[in-house]
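Please report on the structure shown here. Cover local contacts, helix packing, aromatic rings and model confidence.

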Amino acid sequence: MPHHTSSAPRRHSPTPDDVILDDFQILSLEKDQKPMSWVTTNNKTGKLEGHGIAFEILNTLSAKYEFSYEIILPSRKTLLDQDGSIMNILKTGEVDMVAAFVPVLNIKKNKMAWGIELGQSQYVVMMKRPHESATGSGLLAPFEIEVWFLILISLVLIGPIMHAIMRVRRWLSGTQSELYPISACTWFVYGALMKQGSTLNPRTDSTRIMFASWWIFIMILTAFYTANLTAFLTLSQFTLPIHSVEDIANPTNTWCAEAGGAVEYSIKVGRKGP
């Protein structure tokens with residue numbers, strides 16, 4: 001999951017003169033968000049009192065700019081734009097700002113503004129332990145499917161290509177040089193793949209170079225295949241079904257998160273935009 005920076009959103013950016021003249025309506029995110037912010041009720045006055053880091057900052061600003069404020073709690077605990085939520089109350093102008101550590105959400109700037117970043121937090125996904133398995137286990141595991149197709153194509157074409165090159169050489173040289181039939185060339189190709197010898201004994205340089213090149217290619221190919229197959233069959237890894245927010249939002253996945261929290265917002269709104 002992505003990192004979220006915490007900040008205090010506000011409906012507009014007040015100037016110092018605005019702050020001195022106005023009494024603020026302050027919205028607190030929830031009653032118990034210790035030690036960041038929490039709200040208690042004064043038994044004598046019956047008014048809400050804020051505590052924690054967020055209200056320490058707010059009280060410092062209140063003493064400096066000489067303004068007072070009243071705390072209001074949202075009727076719905078969610079970051080989504082729903083009736084009674086903090087975003088809805090702030091957007092409609094019922095309060096001036098939110099005194100809480102709120103994740104910086106993907107919201108258009110003309111709806112609200114965010115203060116400076118006060119901290120960072122990271123959200124992770126907790127999922128059921130997957131079955132242990134060798135990644136891509138099987139005889140075809142060492143190579144991708146594209147590589148297997150290319151190998152198959154080379155096995156089919158290299159025999160006729162060898163025969164064609166020998167025929168062109170005979171035609172250009174005008175001599176009766178060696179010319180192996182297509183069946184013999186094809187059998188040489190498959191025999192080299194199986195590490196078998198051959199009865200063919202080429203005498204011309206071009207034919208020797210072709211045969212040697214194919215042998216070198218087969219040696220490298222089989223060496224890579226053997227090494228990778230051993231690694232794939234001996235090393236076990238866990239295949240995780242979720243790697244991003246889009247994977248969580250997949251209709252085939254069932255997930256649970258804190259109602260109205262940053263995870264729910266990221267899945268339902270953040271990936272599509274506000």
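## Surroundings of Arg170

Beyond its neighbours within four places in sequence, Arg170 is in contact (heavy atoms within 4.5 Å) with Thr175, Gln176, Ser177, Glu178 and Leu179. Arg170 sits in helix 4. Helices here are DSSP runs (H or I, at least four residues), numbered from the N terminus. Arg170 has 25% relative accessibility, so it counts as partly exposed. On this scale, buried means under 20% relative accessible area, exposed means over 50%, and partly exposed lies in between, with a 1.4 Å probe and protein chains only.

The model is predicted: local features need pLDDT of at least 70, side-chain atom pairs count only at pLDDT 80 or more, and totals for chains, interfaces and linings use all residues. Residues are numbered from 1 along each chain as its sequence is written, and side-chain values use heavy atoms, with hydrogens and water left out.

## Helix 4 against helix 6

Helix 4 (residues 145-173) packs with helix 6 (residues 205-234) at an angle of about 170 degrees, and their axes are 10 Å apart. Helix 4 is therefore roughly antiparallel to helix 6. The term applies to angles over 145 degrees. Axes are lines fitted to C-alpha atoms over the stretch in contact, and angles run from 0 to 180 degrees between N-to-C directions.

The helix 4 side includes Trp148, Ile151, Leu155 and Arg169; the helix 6 side includes Met210, Phe211, Trp214 and Tyr225. By class, the contact has 12 nonpolar residues, 3 polar and 1 charged. Nonpolar covers Ala, Val, Leu, Ile, Met, Phe, Trp, Tyr, Cys and Pro; charged covers Asp, Glu, Lys and Arg; the others, Gly among them, are polar.

## Aromatic pairs

The structure holds 7 aromatic pairs, meaning Phe, Tyr or Trp rings (six-membered ring for Trp) with centres within 6.5 Å. Trp214 and Phe217 have ring centres 5.3 Å apart and planes at 35 degrees, so this pair is tilted. Planes under 30 degrees apart would be stacked, over 60 edge-to-face, and the rest are tilted. Trp214 and Phe217 are 3 residues apart in helix 6, so about one helical turn separates them.

Trp214 is buried, at 5% relative accessibility. Phe217 is partly exposed, at 36%. Elsewhere, ring pairs link Tyr180, Phe188, Phe211 and Trp215 into a cluster.

## Confidence

Mean pLDDT (the predictor's confidence in each residue, from 0 to 100) is 76 for the chain, and 78% of the residues score at least 70. Helix 4 has the highest confidence, at 89; helix 1 (residues 16-21) has the lowest, at a mean of 39.

Over residues 12-22, pLDDT stays under 50, and the model has 11 contacts there beyond four places in sequence. Where pLDDT is low, the predicted coordinates should not be read in detail.

Technical notes: Helices (H or I, at least four residues) and strands (E, at least two) are DSSP runs, numbered from the N terminus. Angles under 35 degrees count as roughly parallel, over 145 as roughly antiparallel, 65 to 115 as roughly perpendicular and the rest as oblique.
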